[in-house]
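Please read them alongside the sequence and the coordinates.

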Amino acid sequence: MELREIVEIFRKQRNFYLGIVLLFVFTAWLWQRDQGVSYQATLLLNIGRAGVSETTDYTYDSFYRLQADERFADTVVRWLTTPRVVEDIYYESRLNPTGLDAKALGAVFSAGRLSSQMITVKYGGADPKVLEELARSAVTVLNRYTDTLNTEAREKSWFVVIGSDPVIRERHISPELALGVGLVLGLFVGFWLVLIRHYWSGKR
């Protein structure tokens, strides 16, 4: 099929093509307007020490301490993807997690290590106050798990998880983005529907 023939097909079916494009754009506009309000929270965690142990050993400029902090930070990141820990955080916040299965619990928090001692945690929800409470509960529960690793409190300079107030921002898709996606999809789908419609009309 030559380009001239394709242009002629779309000229004859321009109303159909335009209707498909406008339908997708209108649907995207409705979806963007009616989307529920949700919020994104970002919590910054720092790995610190409860105290300082006196030692006469050569510390290589605290190399081993930083390495230990890095390993423990990785442990905290793993905890935040464990259903058992996440469920404890929910209970600490006085929330009921029974509606979430194990896979959903493991996906509540998205955590990553920024450096040897810094961890960023992202999570979402519909209520900013609940997000703030989850942040406080997360720090409490993580420190509780941290203490269980220090059997009989033998290590004075044991790890401690320090949390800041979460940064909470409204999360939504902008009208420009929604309309742009709707337009692109409409052009793409409309193109193929026009060709399919022309093909089947020639079969009759």
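**Notes on the model**

1. Thr146 lies in helix H6, residues 128-149 (helices are DSSP runs of H or I with at least four residues, numbered from the N terminus). The model is predicted: local features need pLDDT of at least 70, side-chain atom pairs count only at pLDDT 80 or more, and totals for chains, interfaces and linings use all residues. Residues are numbered from 1 along each chain as its sequence is written, and side-chain values use heavy atoms, with hydrogens and water left out.

2. Thr146 counts as buried because its relative accessibility is 0% (buried means under 20% relative accessible area, exposed over 50% and partly exposed in between, with a 1.4 Å probe and protein chains only). Leaving aside residues up to four places away in sequence, Thr146 touches Phe72, Trp79, Trp158, Phe159 and Val161 (contact means heavy atoms within 4.5 Å). Thr75 is 71 residues from Thr146 in sequence, yet their C-alpha atoms are 9.7 Å apart.

3. Phe72, Trp79, Tyr145, Trp158 and Phe159 form one aromatic cluster. Rings of Phe, Tyr and Trp (its six-membered ring) pair if their centres lie within 6.5 Å; planes under 30 degrees apart count as stacked, over 60 as edge-to-face and the rest as tilted. By this rule there are 10 aromatic pairs. Phe72 and Trp79 make an edge-to-face pair, 5.9 Å centre to centre with 90° between the planes. Both Phe72 and Trp79 are buried.

4. Trp192 is found in helix H7, residues 175-203. Trp192 is partly exposed because its relative accessible area is 44%.

Methods:
Helix = DSSP H or I, 4+ residues; strand = E, 2+ residues; numbered from the N terminus.
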